[in-house]
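This report covers the surface of one protein chain and its fold. The sequence and model come first.

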Amino acid sequence: MNKTFESQLSASARRMRKLSESNLSVSVPETIVIPQKRTRYWGWIATPAAAAVGLLIGLFIHRPAEPSNNYTVPVVVAADNSGHSIVDDGADYSLLISL
């Protein structure tokens, strides 16, 4: 039987792998039970509850302002020279407008 070097090398590698695998000891751990944590996202409950509470508080606290009967109206007193021409009132209007 004429075997090539590559086939002999492959067969040798397979034998060495089987030998090393047979020397391995495999220990199977006991069944590990991981307790599943029940997580609840409280935001889905707390947000609508807070909104409802805020609405109710806002409705009960809201009191319309009582109308005040004391109206303050600025009074403008007419000057003695009302109804006269600007030229006759004696005020210097050139200080107000610069040309």
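Lysine 18 counts as exposed because its relative accessibility is 57%, where exposed means over 50%, buried under 20% and partly exposed in between, with a 1.4 Å probe and protein chains only. This lysine 18 lies in helix α1, residues 5-22. Helices are DSSP runs (H or I, at least four residues), strands likewise (E, at least two), numbered from the N terminus.

Patch residues have over 30% relative accessible area and no salt bridge, with like charges joined within 9 Å and nonpolar side chains (Val, Leu, Ile, Met, Phe, Trp, Tyr) within 5 Å. A salt bridge is a side-chain nitrogen of Lys or Arg within 4 Å of a carboxyl oxygen of Asp or Glu.

## The nonpolar patch

Ile86, Val87, Tyr93, Leu96 and Ile97 form a nonpolar surface patch, together holding about 570 Å² of accessible area (Shrake-Rupley, 1.4 Å probe). Isoleucine 86 sits in the segment after α2 (43-61) and counts as exposed, at 54% relative accessibility.

## The whole chain

The protein chain has two helices and zero strands. Of its 99 residues, 1% count as buried. The chain exposes about 10700 Å², and carbon and sulfur atoms supply 62% of that.

## Basis

This is a predicted model, in which local features need pLDDT of at least 70 and side-chain atom pairs 80 or more, while totals for chains, interfaces and linings use all residues. Residues are numbered from 1 along each chain as its sequence is written, and side-chain values use heavy atoms, leaving out hydrogens and water.
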